[in-house]
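Dear colleague,

Please find the structure below, followed by a summary of what was found in it.

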Amino acid sequence: MAQQEDIFKKVVSHCKEYGFVFPSSEIYDGLGAVYDYGQNGVELKNNIKQYWWQYMVLLHENIVGLDSAIFMHPTIWKASGHVDAFNDPLIDNRDSKKRYRADVLIEEQIAKYEDKIEKEVAKARKRFGDSFDEAQYRATSARVLEEQAKRDALEKRYQEVMNAEGGIDLEGMKQIILDEEIVCPISGTRNWTDVRQFNLMFKTEMGAAAEGASTIYLRPETAQGIFVNYLNVQKTGRMKIPFGIAQIGKAFRNEIVARQFIFRMREFEQMEMQFFVKPGTELEWFKTWKERRMAWHQALGFGAENYRFHDHDKLAHYANAATDVEFRMPFGFKEVEGIHSRTNFDLSQHAKYSSKKIEYFDPEENTSYTPYVIETSIGVDRMFLSVICHSYDEEKLEDGQTRTVLHLPAALAPVKLAVFPLTKKDGLPEKAREIIDDLKFHFNCKYEEKDQIGKRYRRQDAIGTPFCVTVDAQTLEDNTVTLRYRDTMEQKRVAIADLRGIIEDQVSIPSLLKNLK
Ligand code: ATP
């Protein structure tokens with residue numbers, strides 16, 4: 001684990017050093033949990049968005065796009081439940097003045113019991129070797145049973161306070177924190193305030209105050225923009241159920257504890273698709289979308305063992321099925337995407353609050369109904385983090401040196417081809433530029449002439465460029481160049497005329513999409 005945390009720190013500094021991610025407003029000492037994407041980061045991010053957009057909108061005849069405004073009528077957030085219920089329970093430690101999410105403190109305590117159990121099992125496995133019967137050990141070891149009982153009792157209490165009548169039982173939550181003797185990791189004390197509810201939406205005002213300005217919320221999710229446009233899109237696009245609407249856009253949440261780099265930000269980007277279906281078919285569609293989304297993730301080639309579903313036992317009142325796609329980050333398996341069967345909750349709520357009829361007329365059955373919705377919702381930034389963490393590698397080379405390389409899927413890499421003249425003279429730079437001028441219409445190329453070739457290779461490895469080409473004296477004679485592959489470092493002589501054919505197909509987004517067939 002220590003090693004994994006180390007890797008995470010290295011990834012964060014690599015992102016800054018190579019122009020992927022900078023802290024926002026850095027010259028003013030930054031702004032909590034807000035980040036900017038640099039020259040390479042924006043390319044990688046755009047490629048991730050393209051991969052998602054093309055999968056949704058190009059590959060599905062019945063999915064169309066949308067780009068709705070961030071500002072929306074404030075009643076939307078009343079109807080969606082966000083004004084009343086988009087809260088986190090927070091608690092402060094009076095000594096360190098640090099603020100925590102009370103639910104997270106309790107969940108971490110549950111995880112501590114689980115950790116203890118796993119450690120006991122691991123110790124026993126070592127002691128007993130091949131003859132170890134894990135199931136029996138878990139069922140009979142006094143220590144394991146004791147920890148398991150504590151864990152289960154805590155889980156039960158936690159579920160009770162979270163699902164109390166009339167909302168979360170805040171006093172009950174504090175009592176758990178006191179009873180479990182949970183301490184602040186900074187001050188080490190148990191000097192806690194009461195637990196309070198904190199709404200995560202940012203507010204601003206529209207119009208001048210004198211004219212009676214109204215409170216506007218920065219959207220905490222893009223989904224509501226889709227719901228309120230359901231009728232517009234369905235009618236103007238003559239969409240037949242089942243159909244989907246996809247949108248990519250910024251979302252804002254005033255997260256209490258924003259940690260782990262771009263994993264939890266206050267301004268982030270979502271890629272959401274709402275799929276409208278006939279009531280009664282939603283659980284079948286939920287299953288289909290679970291499979292489709294997992295296939296999309298796995299087509300990146302990061303290995304199936306790095307993904308898992310986390311099905312929710314506890315469902316939001318409007319959902320009848322929910323799961324998270326989790327990816328193995330350096331700090332454990334974490335949610336990257338949520339898939340939810342949201343029933344007809346959202347459309348019904350908007351119908352109620354707007355007094356408009358929001359339904360679908362089914363021409364085959366000659367009836368009208370409020371469609372049910374399957375939602376797939378993924379964070380661009382979390383996806384970015386998973387891609388970069390998985391790709392980051394410090395490779396020991398045969399000559400004893402180490403190279404830092406990003407093994408990015410070629411289609412996501414910021415730069416696809418770097419072209420180097422061996423020297424800065426004898427017409428080599430001109431020839432190198434000629435190659436770029438021809439290829440730049442097809443994929444992202446970069447020209448580099450500074451430093452010796454080895455150093456230039458390393459710089460491209462560090463940003464994940466899949467192909468490098470070196471132009472030398474022989475190039476001027478026979479129009480061939482040395483093509484070098486990032487992952488294998490293999491080099492071969494190829495004709496300039498063949499470059500496009502070799503590279504283009506491998507670096508295009510469709511090359512990834514084809515893995516999905
Ligand atoms: P979490 O439990 O981690 O707070 P969530 O369950 O509230 O996430 P959703 O509301 O389902 O998240 O949002 C869908 C997706 O949006 C998440 O899977 C995640 O990828 C992304 N996301 C949500 N909140 C943030 C955030 N603060 N920063 C970055 N991405 C986020």
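**Ligand site**

A backbone N or O atom of Phe263 lies 3.4 Å from a nitrogen atom of the ligand; a polar contact here is a pair of N or O atoms within 3.5 Å, and within protein one must be able to donate a hydrogen and the other to accept it, with residues adjacent in sequence counted only if both atoms are side-chain atoms. The model is a predicted one, in which local features need pLDDT of at least 70 and side-chain atom pairs count only at pLDDT 80 or more, whereas totals for chains, interfaces and linings use all residues. Residues are numbered from 1 along each chain as its sequence is written, and side-chain values use heavy atoms, with hydrogens and water left out.

A polar side-chain atom of Arg253 lies 2.9 Å from an oxygen atom of the ligand, and a polar backbone atom of Val336 is 2.8 Å from an oxygen atom of the ligand. Of the ligand's own accessible area of 590 Å², the protein covers 82% (Shrake-Rupley method, 1.4 Å probe; for residues, only the protein chains shown count as cover).

Around the ligand there are 15 residues, of which Glu255, Arg264, Met265, Glu335 and Val336 come nearest (a residue is near if one of its heavy atoms lies within 4 Å). The shell divides into six charged residues, five polar and four nonpolar; Asp, Glu, Lys and Arg count as charged, Ala, Val, Leu, Ile, Met, Phe, Trp, Tyr, Cys and Pro as nonpolar, and the others, Gly among them, as polar. Strands E10 (267-277), E13 (332-341) and E16 (372-379) each supply at least two residues of this shell, and E13 gives the most, with five. Strands (E, at least two residues) and helices (H or I, at least four) are DSSP runs numbered from the N terminus.

**Nonpolar cores**

The largest nonpolar core has 61 residues, and among those with the most contacts inside it are Phe20, Trp52 and Phe384. Such a core is a set of buried Ala, Val, Leu, Ile, Met, Phe, Trp, Tyr and Cys residues joined through side-chain atoms within 4.5 Å. Buried means under 20% relative accessible area, exposed over 50%, and partly exposed in between (1.4 Å probe, protein chains only). Helix H13 (residues 380-391) gives the most to this core, with seven residues. Leaving aside residues up to four places away in sequence, Phe384 touches several residues, including Phe20, Tyr37, Leu44 and Ile262 (contact means heavy atoms within 4.5 Å). A second, separate core of 22 residues includes Phe443, Cys445, Val469 and Ile503.

In helix H8 (residues 170-179), the buried residues include Met173, Ile176 and Ile177. The buried residues of H8 pack against strand E4 (87-92), helix H5 (102-128) and helix H7 (142-162). Asp169 caps the N-terminal end of H8, with a side-chain oxygen 3.3 Å from the backbone nitrogen of Glu171.

His350 is found in helix H12 (residues 345-354) and counts as buried because its relative accessibility is 6%. Its C-alpha atom is 9.4 Å from that of Lys78, 272 residues apart along the chain.

**Backbone geometry**

Most residues other than glycine have a negative phi, and most peptide bonds are trans. The peptide bond from Ile241 to Pro242 is cis, with omega near 5°. Asn479, which is not a glycine, has a positive phi of about 55°, and Met489 has a positive phi near 60°.

Kind regards
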